[in-house]
Amino acid sequence: MLPRSVWDELRASAGEAMVTVRGWDWSLLQNRAPVKPTVSEVTSPCPTKRDSYLRRVLGARPSSPLLEKGKMVHEAFMSPFRGEEREFKEELLKKVHEEAKLRKAIADEEGIPYKVESKLPGSVIGLSTIVKPDFLVGFMPVELVYGWNGNVERKKLALAAYALVIEAWTGLPIDAGVVINVNDQGIKYVLVRIGDYYRRKFLEERDYLASILSRKEDPGRAESCPNYCPFAEVCKQ
Ligand code: SF4
């Protein structure tokens, strides 16, 4: 379901990632705080993670046009893989949907094994009971995101989380993943080598967030916030 160029790049860069943090390293991976965050909470764009505090502790449920657009882009791409018949009117969504149909047809024809939104056991690395990457191609995690560079960076952290979970679950090393990045300029497939940097960063953020949520402690507003944060209005109050 991925373009040939991604597989070529994957082969060409095999063995490049230096990895010492693996999903089977229990002493490193356990999070002893009682609250277990989700992957999307840990990888949210909020620098202080006040968004999770507002949602979990104060019950805020905001929305934003960007969030809604992201959900529609997900629907447009995921629906063919879920076997759903859908129609989209907006130009970008139509394009995304056609691309997904093409990718699915190629994957089916070539017998490439993929799964949509597999339920994986997140608790093995101190996360919520279940975590769900958008796709697994074989055991390689693939995440879809609408937006620009900041969102792609967040998804790289999410890929590191899924790699750790899959390693803990299967005992197999997972050294790469893919971000499918959709924005108004088109659709890009970004191969990500999941080395120690993203793995350690993810674990640090997980522990920081788990500690805030366990103590129900307000981490305060960030000094600089992404202008698309859906919590912006709630956060000012
Ligand atoms: S407005 Fe800033 S501090 Fe508040 S939730 Fe959003 S990113 Fe976080």
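1. Leaving out residues up to four places away in sequence, Ile125 touches Leu29, Ala161, Leu164, Val165, Ala168, Phe202 and Arg206. This is a predicted model, and the points below should be read with that in mind.

2. Ile125 belongs to the largest nonpolar core, which has 33 residues. Val39, Ile125, Leu127, Val131, Val179 and Phe202 are the residues with the most contacts inside this core. H3, H7, S7 and H8 are the elements that give two or more residues to it. The biggest share comes from H7, with 12 residues. Apart from this core lies another, of 30 residues, among them Leu10, Phe81, Leu93 and Ala176. As background, nonpolar side chains in soluble globular proteins tend to be buried together.

3. Helix H8 covers residues 196-215, 20 residues in total. From its first C-alpha to its last, H8 reaches 29 Å, close to the 28 Å expected at 1.5 Å a residue. Its buried residues are Asp196, Tyr198, Arg199, Phe202, Leu203, Arg206, Leu209, Ala210, Ile212 and Leu213. Two of these, Phe202 and Arg206, are among the residues that Ile125 touches. What covers the buried residues of H8 includes helix H2 (26-29), helix H3 (39-42), helix H4 (50-57), helix H7 (149-170) and strand S7 (186-193). After H8 comes Lys216, with a positive phi near 50°.

4. Ala163 is a residue of helix H7. Is Ala163 buried or exposed? Ala163 has a relative accessible area of 0%, so it counts as buried. Setting aside neighbours within four places in sequence, Ala163 is in contact with Pro141, Ile174, Ile194 and Arg199. Glu205 is 42 residues from Ala163 along the chain, and the C-alpha atoms of the two are separated by 16 Å.

5. Strand S6 (residues 176-183) has eight residues and eight of them are buried, so the strand is largely enclosed by the rest of the structure. Ala176, Val178, Ile180 and Val182 point one way from S6. Gly177, Val179, Asn181 and Asn183 point the other way. Both sets are buried.

6. S6 has pairing partners. Strand S5 (residues 140-146) pairs with S6 in the parallel sense over five bridges. In that pairing, Asn181 of S6 is the bridge partner of Val145. S6 and S7 run antiparallel and are joined by eight bridges. Here Gly186 of S7 is the bridge partner of Asn183. S6 and S7 form a hairpin, with two residues between them. Six of the eight residues of S7 are buried, so S7 too is largely enclosed by the rest of the structure.

7. Some backbone angles deserve a check. Most residues other than glycine have a negative phi. Lys49 has a positive phi, near 65°. Lys49 sits in the loop between H3 and H4, and at 2% relative accessibility it counts as buried. Glu117 also has a positive phi, near 45°. Glu117 lies in the loop between strand S1 (114-116) and S2. Why is Glu117 called partly exposed? Its relative accessible area is 28%, and partly exposed applies because that value falls between the cut-offs of 20% for buried and 50% for exposed.

8. Ser128 is in the loop between strand S2 (120-121) and strand S3 (130-131). Although it lies in a loop, Ser128 is buried, with a relative accessible area of 13%. Which residues does Ser128 touch, not counting residues up to four places away in sequence? They are Lys36, Pro37, Thr38, Gly122 and Ser123.

9. Last, the ligand. Around it are Cys46, Pro47, Asp51, Arg221, Ala222, Cys225, Pro226, Cys229, Phe231, Ala232 and Cys235. Sorted by class, this shell has nine nonpolar, no polar and two charged residues.

Notes: Residues are numbered from 1 along each chain as its sequence is written. This is a predicted model: local features need pLDDT of at least 70, side-chain atom pairs count only at pLDDT 80 or more; totals for chains, interfaces and linings use all residues. Side-chain values use heavy atoms; hydrogens and water are left out. Helices (H or I, at least four residues) and strands (E, at least two) are DSSP runs, numbered from the N terminus. Buried means under 20% relative accessible area, exposed over 50%, partly exposed in between (1.4 Å probe, protein chains only). Contact means heavy atoms within 4.5 Å. The expected span of a helix is 1.5 Å times one less than its number of residues. A nonpolar core is a set of buried Ala, Val, Leu, Ile, Met, Phe, Trp, Tyr and Cys residues joined through side-chain atoms within 4.5 Å. A residue is near a molecule or strand if one of its heavy atoms lies within 4 Å of it. Ala, Val, Leu, Ile, Met, Phe, Trp, Tyr, Cys and Pro count as nonpolar, Asp, Glu, Lys and Arg as charged, and the others, Gly among them, as polar. Two strands pair if DSSP finds at least two bridges between them.
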